[in-house]
Amino acid sequence: MDVEGNASFKGTIETSGGSIAGWIIGADSIYNGTIGINSLKKFIAIANVASVQDIGNQLDWVKEYGGVAMYCISNTNYGLIGYKNNEKVFSAGSDNFIAGWNFNEKAIFSGIQTNSGFTTKSGDITISSNGIRGFKWRLEKDGSGALAGDNITWDKDGNMNFKGKIDASQIISGKIDTSLINTDAILSNGDAWALLKDGSGYLASKNLTWDEFGNINVLASLSLPYKEFYINTDSTPTPMDLSQGRYFIARYGNIYGDQIIELPTPIKEYNGSEIRIYSGFMTTRASRSDFDIIIKGNGIFFYPGYIPVLGSPIQISKVRVSNKEIILRCISLGDFVFWYIQNFCDFTNDDFNPQ
C-alpha cells in the first residue's frame, strides 16, 4: 500500500458491506439502486426506476417498473426478459415470448398452444409446422383448411364444401356443380327468380311461376314461336317436317287446285306441337270457299266429338278445310300418341274422310 491508498492483495478479500466505485456491497450482491447483481438469487438486472431504491430486489423492479434482466433461478426458471412499465415485451429461456406471442421449439402461439384442429377460445392463434390455426379456422400444412368452424372446408386439391348458405349478387365465371348445392333454395335478388328445393320456383319477378307438381302459371302474355310452312303448288302431298320447331303456320300457294299436306307420324317428341292451317291468303286471311286443303294423317288422327261407333272415336285419315282454319296438336298420353283436332267444333261430319 502506498501513501495515496493504492493497495495490492495476493490473497482473498471477503466482505458483506461497504461500497466500491459507487456500488453497494451486500452479503450476496452488489448493486447501485437501478442495477443489481445477485449471486444468491442468480440474476443481473437493470430496472427503469426514477430514483435509486436503497432496499429491494432489482429483478422485481424490472417486472414492476420496466427494464431488462438475465436470470437463472432453476433449470425450469431461467431466461432473458424485457419489460415496458409492468408489461412483458419479450422473454427467452424457459418462457419464450415476444410482443404478445409465446414460442418454443415447435410453435409460435398467442394464448394456448394448439397443434391440430381449432384453438379452444377466441383470439388464440398457433403457428407451427402443422399449419396455422385459430378459433374456428385453420390452414393445414398440406393446403387443406376450414373456415367458420368447419362450415366451409376444402381439401388439398381445392375441392370445397359449404354447409351454410351462399348469397351472391352475380356469378361471373367458374362452375357450380349441382351435386354440391344442398340448401332450401337458390335465390337471386329476392323475388327476381328462385329455384326451390321442393321443385317449385319462379322467373321474371314471379310473372312465371310453377309449383312442385309442375303446374305453371303465366301472368304475362305467352308468345309462341310460329314458323311458316309452304305447301306444294302442284297438288302433290307435302310432307311436313317438325324437326325445325314445334309451332307452324302452313301457307298454300296454288289457289287453282287441291292443297295436300301430309302430317308426320305422331311421336312423343312432338308432344304439344301445334300446326295452324288457313284456308285463304295468309296476309288477309281471305277465304277461298271453292278450294280445299286436304290433310292426310300418318298414324292415329281423330277428335273426341265424332263417335260413329259406340265407345270408340273414329280415326280420321283425311280432313277437308274449306272457308275455315284448322288447329292441330300432337298429344302424348302414356304410350298413346296421336294428332288431335283442337277446334273440331268448327267442322261438320262431311269435312272428315271426304269422298
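Student: How many salt bridges does a search of the whole structure find?

Tutor: The search finds seven salt bridges. Please keep in mind that this is a predicted model.

Student: Why can side chains pair like that?

Tutor: Side chains of opposite charge can pair when their charged atoms come close.

Student: Which residue forms a salt bridge with Glu140?

Tutor: The partner of Glu140 is Arg138, and their closest N and O atoms are 3.3 Å apart. Arg138 also meets the side chain of Asp150 in a salt bridge, at 3.2 Å from N to O.

Student: Where do Arg138 and Asp150 lie?

Tutor: Arg138 belongs to strand β14 (residues 137-140), while Asp150 sits in the loop between β15 and β16, so the pair ties together parts that are 12 residues apart in sequence.

Student: Is Arg138 buried or exposed?

Tutor: Arg138 is buried, because its relative accessible area is 18% and the cut-off for buried is under 20%. Asp150, in contrast, is partly exposed, with a relative accessible area of 27%.

Student: What about the backbone of Asp150, what is its phi?

Tutor: Asp150 has a positive phi of about 75°, although this residue is not a glycine. Its loop runs between β15 (145-147) and β16 (152-154).

Student: Which residues of helix α1 are buried?

Tutor: In α1, which covers residues 58-65, the buried residues are Gln58, Leu59, Trp61 and Val62. They lie on the same side of α1, because they cover an arc of only 160° around the axis.

Student: What do they pack against?

Tutor: The buried residues of α1 pack against β3 (29-32), β4 (35-38), β5, β6 (66-74) and β7.

Student: What happens at the start of α1, and just after it?

Tutor: At the start of α1, a side-chain oxygen of Asn57 comes to within 2.9 Å of the backbone nitrogen of Leu59. Just after α1, Gly66 has a positive phi of about 105°.

Student: Now the surface. Which residues make a nonpolar patch?

Tutor: Ile30, Ile37, Ile44, Met70 and Leu80 make a nonpolar surface patch of about 400 Å². Of these, Ile44 lies in strand β5 (residues 43-47) and counts as partly exposed, at 40% relative accessibility.

Student: Is Ile326 buried or exposed?

Tutor: Ile326 is buried, with a relative accessible area of 0%. Ile326 is found in strand β31.

Student: How far apart are Ile326 and Ile341?

Tutor: From C-alpha to C-alpha, Ile326 and Ile341 are 7.3 Å apart in space, and they are 15 residues apart in sequence.

Student: Last one: what about the chain as a whole?

Tutor: The protein chain has 355 residues, of which 31% count as buried. The chain exposes about 22,500 Å², and carbon and sulfur atoms supply 53% of that area. Among contacts between residues at least 6 apart in sequence, 32% join residues at least 24 apart.

Terms used:
Residues are numbered from 1 along each chain as its sequence is written. This is a predicted model: local features need pLDDT of at least 70, side-chain atom pairs count only at pLDDT 80 or more; totals for chains, interfaces and linings use all residues. Side-chain values use heavy atoms; hydrogens and water are left out. Helices (H or I, at least four residues) and strands (E, at least two) are DSSP runs, numbered from the N terminus. Patches are made of residues with over 30% relative accessible area and no salt bridge: like charges are joined within 9 Å, nonpolar side chains (Val, Leu, Ile, Met, Phe, Trp, Tyr) within 5 Å. Accessible areas come from the Shrake-Rupley method with a 1.4 Å probe; for residues, only the protein chains shown count as cover. A salt bridge is a side-chain nitrogen of Lys or Arg within 4 Å of a carboxyl oxygen of Asp or Glu. Buried means under 20% relative accessible area, exposed over 50%, partly exposed in between (1.4 Å probe, protein chains only). The arc is that of the directions from the helix axis to the C-beta atoms. Contact means heavy atoms within 4.5 Å. A polar contact is a pair of N or O atoms within 3.5 Å; within protein, one must be able to donate a hydrogen and the other to accept it, and residues adjacent in sequence count only if both atoms are side-chain atoms.
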